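Good morning, and thank you for the time on the agenda. I would ask you to look at the chain as a whole before we turn to its aromatic rings.

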Amino acid sequence: MRLGSRLRGEFPRGWCRSARWWITGIRDLALSTAAAVATVVFVGEMKRAVRQRDEPRTLARLSGTFEGYVASLLVNSAGLAVLVTMAIEDGLPVVLTAVLAEWCLLNIVISATVFVLVARSRIRQSTAWAELDFVEQHAPKYGRPPETIEEYRAQQLQE
């Protein structure tokens with residue numbers, strides 16, 4: 001896919017005046033940030049992922065992006081390492097250390113669970129994920145009509 005068509009997909013004509021474009025972008029950014037910082041909020045999503053771990057469509061539609069869960073894994077692991085270092089060197093209060101360590105560990109468990117379930121599903125059901133990735137990449141966004149053959153095909157697969 002060429003750069004021009006990728007940019008056209010992300011920035012359609014009139015994007016700066018499109019409330020739908022702005023709302024969708026802000027929502028996605030907020031969900032990714034929440035997944036990275038406060039993964040505990042997505043306990044329900046983790047439970048849904050565990051229950052429907054063999055459904056690629058359900059896993060693809062989890063709240064918070066997959067990148068957000070990976071970022072949560074990295075951020076909270078680094079936060080836990082910094083917390084342990086600060087507790088050892090600076091002698092942080094035990095209660096504060098325990099609460100922050102519990103927060104980091106809970107976020108790590110939730111994000112690791114989602115990460116493992118999605119990775120396992122991608123490995124075992126690669127054909128279904130290839131179709132979902134095609135739709136994600138080529139489907140027209142923000143309510144604009146399809147313009148290319150790939151966009152028409154992605155729209156048909158989406159329905």
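What share of the contacts in the protein with a separation of 6 or more comes from residues 24 or more positions apart? In this predicted model, such residues account for 64% of those contacts.

Let me set out the architecture. The protein contains eight helices and zero strands, so that, under the DSSP definition applied here, the order of elements from the N terminus reads α-α-α-α-α-α-α-α. As to dimensions, the C-alpha trace spans about 60 × 40 × 25 Å along its principal axes. The radius of gyration is 19 Å, whereas a compact globule of 159 residues would come near 15 Å.

Next, the surface. Of the 159 residues, 29% are buried. The accessible surface amounts to about 10,400 Å², and carbon and sulfur atoms hold 62% of that area. With regard to charge, there are 19 positive and 16 negative charges, and their mean positions lie 6 Å apart.

I turn now to the aromatic rings. A pair of such rings is described by the distance of the centres and the angle of the planes. With centres required to lie within 6.5 Å, the count is two aromatic pairs.

One of them joins Phe-42 and Tyr-69, with 6.1 Å from centre to centre and 70° between the planes. Because an angle over 60 degrees counts as edge-to-face, the pair of Phe-42 and Tyr-69 is placed in that class. Phe-42 sits in the loop between helix 2 (19-37) and helix 3 (43-51), and Tyr-69 belongs to helix 5 (residues 66-90), so this pair ties together parts 27 residues apart in sequence. Phe-42 and Tyr-69 are both buried.

The other pair consists of Phe-66 and Phe-115. Their ring centres are 5.6 Å apart and their planes meet at 15°, so the pair is stacked; the class requires planes under 30 degrees apart.

Thank you for your attention.

Key:
Residues are numbered from 1 along each chain as its sequence is written. This is a predicted model: local features need pLDDT of at least 70, side-chain atom pairs count only at pLDDT 80 or more; totals for chains, interfaces and linings use all residues. Side-chain values use heavy atoms; hydrogens and water are left out. Rings of Phe, Tyr and Trp (its six-membered ring) pair if their centres lie within 6.5 Å; planes under 30 degrees apart count as stacked, over 60 as edge-to-face and the rest as tilted. Helices (H or I, at least four residues) and strands (E, at least two) are DSSP runs, numbered from the N terminus. Buried means under 20% relative accessible area, exposed over 50%, partly exposed in between (1.4 Å probe, protein chains only). The radius of gyration is taken over C-alpha atoms; the globule rule is 2.2 Å times the number of residues to the power 0.38. Contact means heavy atoms within 4.5 Å. Accessible areas come from the Shrake-Rupley method with a 1.4 Å probe; for residues, only the protein chains shown count as cover. Lys and Arg count as positive and Asp and Glu as negative; His and the chain ends are not counted. The place of a charge is taken as NZ of Lys, CZ of Arg, CG of Asp or CD of Glu.
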